[in-house]
Amino acid sequence: MLYETVKMINHSLNFAGSDLNALAEKYGCPLYIMDENTIRRNCRAYREALKACPCPDSSAVYASKACSFGEIYKIIAEEGLGADVVSPGEIYTAYKAGFPMENAYFQGNNKTDGDIAFAIEHGVGYFVCDNFEELDALDKIAGKYGIRQKILLRVTPGIDPHTYDKVATGKVDSKFGIAIETGQALEAAKIALSKPNLELLGFHCHVGSMVFDSDVFKSASAVMLGFIAEVKNTCGFEAKILDLGGGYGVKYYEGQGDIDIPANIRELTEHIASLCKDLGISVPSLRLEPGRSIVADAGVTLYEVGSVKKITGYKNYVSVDGGMTDNPRYALYGSKYTVLCANKETGSDTITADLVGRCCESGDIIQPGCVFPSDIGRGDRVAVLTTGAYNYSMASNYNRIPRPATVMIKDGADRLVVKRESLDDLIQNDVM
Ligand code: LLP
């Protein structure tokens, strides 16, 4: 199995001490299941590695775009992580969950004046400013509220993380941040320092997602520290915080590369400390913003099979009661997953089939080329592993399909944390 938390017990798939078929009986399918212990273990790995590192007062900030609902923010707060929020929706969810908003970091390349005011009213601790217009708007609005807003400035270090293009964000031509290479980032730093209602604390970058190569963060930190030294030398301002964003990869399937995150953080921070010495700058406090690596392996999605279509001489399809509405990642990025039949052992007698959803389009593929027991049929269940990140948060109501429920499990006990959407939920905003 991909993880030791997943095992077959008496022909029934068990995840982190809970029987998935029993959960399907209780809550119905499709169903997102998340393991609280795994989320907490992942948080702790970051927290402890950052606590022990040579960068003072460093901490992890959970990128809540990976999975955002009330209970997640409570767990994250208890584990002492900050939260990266990107919209009034995420801010509101965190706030309502009682998240300490002084540990929230508001990101995004287009914060409206309304968003800015909303974030200030809800006590968001830090703004990660993305562009010149935002610096002006935030300074004005902070002034109206009579506050001096703490900010980081998002810059692009020009690093290509060699992951897939749609999630690469640190390149010079990215829509996010301000380029160091063109001199515009230095100009923005000067402007930020001149604003009476902004308190510049440091710099932020995010190079991309699914990074397994440990040199990516080292290269990004070298460019960022060089920039920090340049700002110090030209403006006399020394950054207190260096935020390197998120992006550590997660193992989705057997045979895929893996990364030891605590070891990587150790190596990275020693590299940072030594570069700072060479550059004659103080070692900044580090922020990392993991999203995927906090929640991905804590999640499993469970579906019920409706039909098995064997097109003689061509291919086979196993259709389930969910699809690209609850997991659009294969349709969008061609993402690979580990797929298992949840109520039958997969022995030597197998069929290979595409696991597809119920949406009215051929691109509605959850995963092609899956291996199932040859007698898989209507009423059987299928589990897709590692769906805790960017599944619920990217789910849609395409074809007016309600989003699934989410159940949190912990030491064999289960509780509903997100209700299944009802048909009435779907029409609640229709004026008719
Ligand atoms: N910080 C910033 C500024 C980000 O933009 C992101 C992700 C993260 C942190 C967290 O990155 P992570 O540790 O999760 O890789 N929907 C795509 C992923 C998009 C990531 C966008 N930004 C997917 O399903 O793979």
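Q: What volume does the largest cavity have?
A: In this predicted model, the volume of the largest cavity is about 60 Å³. A search of the whole structure for cavities of 30 Å³ or more finds 1.

Q: Which residues line the largest cavity?
A: The lining includes Tyr32, Ile33, Met34, Cys67, Gly299 and Val300. Thr387, Gly388, Asn391, Tyr392 and Thr406 also belong to the lining.

Q: And which element gives the largest share of that lining?
A: Strand β4 does, with 3 residues. The elements that give two or more residues are β4 (31-35) and β14 (299-310).

Q: How does the lining of the largest cavity divide by class?
A: There are 6 nonpolar and 5 polar residues, and no charged ones.

Q: Turning to pockets, how much space lies in the second largest pocket?
A: The second largest pocket holds about 380 Å³ of space. It is lined by 15 residues, of which Arg41, Asn42, Ile259, Ile261 and Asp297 are the closest to its centre.

Q: What is the class make-up of that lining?
A: The lining of the second largest pocket has 8 nonpolar, 3 polar and 4 charged residues.

Q: Where does the second largest pocket lie relative to the domains?
A: It lies between domain 1 (2-35 + 296-427) and domain 2 (37-294), because both give residues to its lining. Helix α2 provides the largest share, 4 residues.

Q: A change of topic: at what angle do α7 and α8 cross?
A: The axes of α7 (residues 184-194) and α8 (residues 214-235) cross at roughly 55° and come within 11 Å. That angle makes α7 oblique to α8.

Q: Is that crossing left-handed or right-handed?
A: The crossing of α7 and α8 is right-handed.

Key. Residues numbered from 1 in each chain as written. Predicted model: local features only at pLDDT ≥ 70, side-chain atom pairs only at ≥ 80, totals over all residues. Heavy atoms only, no water. 1 Å grid on protein atoms, 1.4 Å probe; cavity = no way out; pocket = protein on both sides within 12 Å on 5 of 7 lines; lining within 4 Å. Points joined across faces, edges and corners; volume = space filled by probe spheres on them. Nonpolar A, V, L, I, M, F, W, Y, C, P; charged D, E, K, R; others polar. Domains from an automatic or database assignment. Axes fitted to C-alpha atoms, helices over the stretch in contact; angles between N-to-C directions. Parallel < 35°, antiparallel > 145°, perpendicular 65-115°, else oblique. Left-handed = near helix turned anticlockwise from the far one by under 90°.
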